[in-house]
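Good morning, and thank you for coming.

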Amino acid sequence: MDCLTIDCDYLFPRYAAAYLLIEGDRAAFIENNTTHAVPKLLAALAQHKLKPEHVDYVVITHVHLDHAGGTSALMQACPNAKLLAHPRAARHIRDPSRLIASAQHVYGKERFDALYGKIDPVNESRIQEMEDGSSLTWGQREWRFLHTRGHANHHFCVWDSSLEAIFTGDAFGVQYPEVQKGGRWIFPSTSPTDFDAEAARESIRRIVEQPGDRAFLTHYGEIRGLEAAAQDLLAWIDFSQRVVEEAALIERGEGALMLFCLDAVNGRFRTEMGKRGLNSPHVWELLAIDRELNAAGLAHAARKLRS
């Protein structure tokens, strides 16, 4: 069968996806969102007359919690599953304490619990680290794992031979269905703390070079026409790099640095919305998280550049 997209209903509908792949009477998940989303993943299994015991693999592109926050809960529910992760991501799955502490510092414990729920360690024996360029055969299909820095240093993408498609996590940007009414709109995620413009460009090039013209984005869903989408992403990354370089010259305090980046990012979003006739408070609010996170990522990169 083809790939099943599961709406994790994180923050708002069709914002974050997990994917269910079925190979005969076996199953695998790519991405899992948060602990609160795990019942949705298990329900998708049940709809296809499969049980948690039939899940062979749980795959995460990176450990940001909207991609991997449900890992421990899903692994507990699926006793035969092996977790496939980037080597740098695997350490946070074995011991998520730093990840949890960092997120609780940002959100506060109450908000963290509401967003992500309980996150436990996963036993090392159930984790398989996938090196750059490594492959794995599952049934009639092959998966190839590509380390794709730029958004996060612990990020990989997964190319699937049966689908001739690649699961891109956040390395090939975000494209919400809600904002496609005025034509395709895809933009990169430059959230803290690992934005690297040249690494992001190289990741995009690697993705486009893979066989097929099909990608599954965590945010959100399947897209085609990867060459054209890549050009849009690269143009936005060029813009982001200019913002970082200009921000690094600011000699005032941290507040001024963040304000400069936020003004620049908001201006770019307004321009792109205007081109597509999307000038509405609803769309502006829908994109608020991306605007703020992208600006914060550029500010962080600027701080590193001037230090």
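Let me begin with terms: on a 1 Å grid over the protein atoms alone, a cavity is a set of points where a 1.4 Å probe fits but cannot get out, whereas a pocket is an open set with protein on both sides within 12 Å along at least five of seven lines; lining residues have an atom within 4 Å of a point. Grid points are joined across faces, edges and corners, and a volume is the space filled by probe spheres set on the points.

The model is predicted: local features need pLDDT of at least 70, side-chain atom pairs count only at pLDDT 80 or more, and totals for chains, interfaces and linings use all residues. Residues are numbered from 1 along each chain as its sequence is written, and side-chain values use heavy atoms, with hydrogens and water left out.

I turn to the cavities. There are 2 cavities of 30 Å³ or more. The largest cavity holds about 100 Å³ of space. Of its 17 lining residues, His-151, Asp-170, Ala-171, Pro-188 and Ala-200 lie nearest the centre. Helices (H or I, at least four residues) and strands (E, at least two) are DSSP runs, numbered from the N terminus. On that scheme, α7 gives the most to this lining, with 3 residues. As to class, Ala, Val, Leu, Ile, Met, Phe, Trp, Tyr, Cys and Pro count as nonpolar, Asp, Glu, Lys and Arg as charged, and the others, Gly among them, as polar. The lining of the largest cavity has 8 nonpolar, 7 polar and 2 charged residues.

The second largest cavity holds about 70 Å³. Among the residues that line this cavity are Leu-65, His-92 and Asp-120.

The largest pocket contains about 1300 Å³ of space. It is lined by 39 residues, and His-64, Leu-65, Ser-102, Pro-192 and Thr-193 lie nearest its centre. Elements giving two or more residues to this lining include α5 (97–107) and α11 (288–306). The second largest pocket has about 150 Å³, and α8 supplies the largest share of its lining, 3 residues.

Now the aromatic contacts. Rings of Phe, Tyr and Trp (its six-membered ring) pair if their centres lie within 6.5 Å; planes under 30 degrees apart count as stacked, over 60 as edge-to-face and the rest as tilted. A search of the whole structure finds 21 aromatic pairs. Because Tyr-57 lies in strand β4 (residues 55–59) and Trp-138 in strand β7 (residues 135–138), the pair ties together parts 81 residues apart in sequence. Trp-138 also forms a tilted pair with Trp-143, at 5.2 Å and 40 degrees.

Are these two tryptophans, Trp-138 and Trp-143, buried or exposed? Both are buried, the term meaning under 20% relative accessible area, with exposed over 50% and partly exposed in between (1.4 Å probe, protein chains only).

Finally, the cysteines. How many disulfides (pairs of cysteine sulfur atoms within 2.5 Å) does the structure hold? It holds 0. For Cys-8, the closest cysteine sulfur, in Cys-3, is 12 Å away, too far for a bond.

Technical notes. A disulfide is a pair of cysteine sulfur atoms within 2.5 Å.
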